[in-house]
Amino acid sequence: MILLLLLLSIIFIVYATAKWKLHPFLSIISSTYIFALLTNLVGTLNGVEKPLIADIGKEIAGGFGSIITSIGLVIIFGTLIGKILENSGAAVKMAEVVLRLLGDRHPAIAMTVIGWIVSIPVFCDSGYVILSSLKKSLAKKTGVSAVTLAVALSTGLYATHTLVPPTPGPIAAATNVGIGPDGLFWVIVIGLIVSIPVALAGHVWARRVADKLPAELDEATETFEEYKRRFGSLPSGFAAFAPILIPIILMAIGSFANFPVSADAQGNKVLMTSGFTNTLLTFLGTPVNALFVGLLFAIFCLLPKRNEETLTKWMGDGLLDSAIIIMITGAGGALGAVIKATPIADYIKTLLDGNVAFVGVGGLIVIFLIAAVIKTAQGSSTASLVITSTIAMPLLPSLGLDAMMGTIPIGQMLTVMAIGCGAMVVSHVNDSYFWVVTQFSKMSLTTAYRAQTLATLVQGITGIVVVAILGLILL
């Protein structure tokens with residue numbers, strides 16, 4: 001009965017968000033209260049003396065607060081970095097660097113690579129708007145179909161948006177499934193590995209399918225050179241890439257500094273570094289500290305002027321963007337706390353015991369399908385990542401996804417990847433990104449479904465195949 005109530009709660013979230021247009025935060029919180037109250041009612045009707053959830057308000061507030069404590073600043077710093085990259089022209093500079101390396105001879109692969117890089121810190125919607133002029137000017141210059149370049153760019157952006165931190169969705173999913181700050185670097189690593197074939201799948205779809213679809217090019221659209229002049233002088237290549245690469249490098253150094261290389265006579269682990277060096281590298285490699293260093297680089301290297309416009313307006317816009325993600329993530333944490341307070345995990349474990357089809361790789365596929373249903377029904381990839389990871393957390397042992405590889409939580413990491421792949425399937429009319437791509441590319445609805453929607457389906461399926469293969473090898 002409790003399992004049925006959880007299913008109905010998920011349906012309520014999807015229906016309230018998609019049909020009533022209720023904000024995801026309110027739909028998740030409302031569903032949490034509904035699930036908690038009905039669960040207690042079911043327990044009472046079945047003769048349970050003590051309520052299954054003894055203090056509903058305390059559980060919800062505790063779940064909300066604990067997730068914000070662990071991830072709030074990480075989301076804020078990552079979003080602020082993305083806002084500065086967007087407003088300073090750094091994202092345009094990154095595109096220019098990649099285009100210079102690849103040349104005009106391979107415009108589609110250039111669009112895929114540019115999107116793949118830019119969307120690591122920048123939301124895919126914003127990234128597409130920023131790079132739309134580059135896409136259009138390349139189409140004019142090279143004669144390649146505008147639809148081909150549109151899909152190559154959109155799928156490149158989409159691949160890292162759902163799979164690679166510091167984009168808020170993957171960070172929230174990693175935290176929700178129990179990955180601590182020390183494991184975030186490895187989520188970035190495996191996210192980059194999985195996102196490469198996912199982006200290439202989108203590229204192949206753009207070249208083989210989207211290339212045959214009708215394209216309409218706006219002759220009045222400004223060229224990329226004209227668009228660049230809006231920003232005045234662009235930052236250097238180093239300054240543009242530093243706010244992304246430096247936090248990743250610091251997290252990598254921090255992880256390796258604490259990597260065990262041997263054991264002493266008492267059996268204690270001997271780490272790669274020790275003393276002050278270990279303390280310093282651990283401090284810098286902690287994700288919240290590494291991202292703050294990246295934010296400082298963005299402020300001092302990218303802001304054209306440090307005045308009220310940049311230090312107040314830009315930062316305020318970034319904080320507003322991050323607040324929405326934090327609230328949705330916190331609501332997901334509240335739902336997760338309530339789920340964990342019920343015996344549902346024990347019941348599902350009993351249900352799955354002995355059924356190898358739902359253990360390991362099978363468990364990854366189940367989680368992928370849950371994320372895909374939620375994404376397709378309500379449109380938001382971030383909401384799908386948050387909700388699915390919340391549901392998955394108490395089920396990981398039953399699904400065989402709590403496996404460790406030394407100190408690396410490989411089962412939880414693959415779970416995040418499976419959720420990210422599901423959160424791609426599919427982008428259609430209830431997804432804001434779908435409309436950004438179609439409107440800025442002047443696609444008809446029929447063309448958009450064949451080009452963009454089916455491309456996201458191909459990407460999601462490609463991603464879960466890659467994750468399943470990794471599961472077979474690593475779990």
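Threonine 160 touches Gly115, Trp116, Ser119, Ile120, Thr167 and Ser195, residues up to four places away in sequence being left out; contact here means heavy atoms within 4.5 Å. This threonine belongs to helix H7 (residues 146–161), where helices (H or I, at least four residues) and strands (E, at least two) are DSSP runs numbered from the N terminus. With a relative accessibility of 0%, threonine 160 counts as buried; the term denotes under 20% relative accessible area, against over 50% for exposed and values in between for partly exposed (1.4 Å probe, protein chains only).

The model is a predicted one, in which local features need pLDDT of at least 70 and side-chain atom pairs count only at pLDDT 80 or more, whereas totals for chains, interfaces and linings use all residues. Residues are numbered from 1 along each chain as its sequence is written, and side-chain values use heavy atoms, with hydrogens and water left out.

The protein contains 20 helices and two strands. Its radius of gyration, taken over C-alpha atoms, is 23 Å, close to the 23 Å from the globule rule for 475 residues, so the protein is as compact as a globular protein of that length; the rule is 2.2 Å times the number of residues to the power 0.38. The C-alpha trace spans about 75 × 60 × 45 Å along its principal axes. Of the 475 residues, 56% are buried. Among contacts between residues at least 6 apart in sequence, 79% join residues at least 24 apart. The accessible surface amounts to about 19500 Å², and carbon and sulfur atoms account for 67% of this area, as computed by the Shrake-Rupley method with a 1.4 Å probe.

The largest nonpolar core comprises 148 residues, of which Met94, Val151, Val194 and Val467 touch the most other members. Helix H3 (residues 56–88) supplies the largest share of this core, twelve residues. Such a core is a set of buried Ala, Val, Leu, Ile, Met, Phe, Trp, Tyr and Cys residues joined through side-chain atoms within 4.5 Å. Beyond residues up to four places away in sequence, valine 151 touches Gly202, Trp205, Ala206, Ala210, Met443, Ala451 and Ala455.

Valine 97 is located in helix H4 (residues 90–102) and is buried, its relative accessible area being 17%. When residues up to four places away in sequence are not counted, valine 97 touches Gly237 and Phe241. Valine 97 and alanine 240 are separated by 143 residues in sequence and by 9.8 Å in space, C-alpha to C-alpha.
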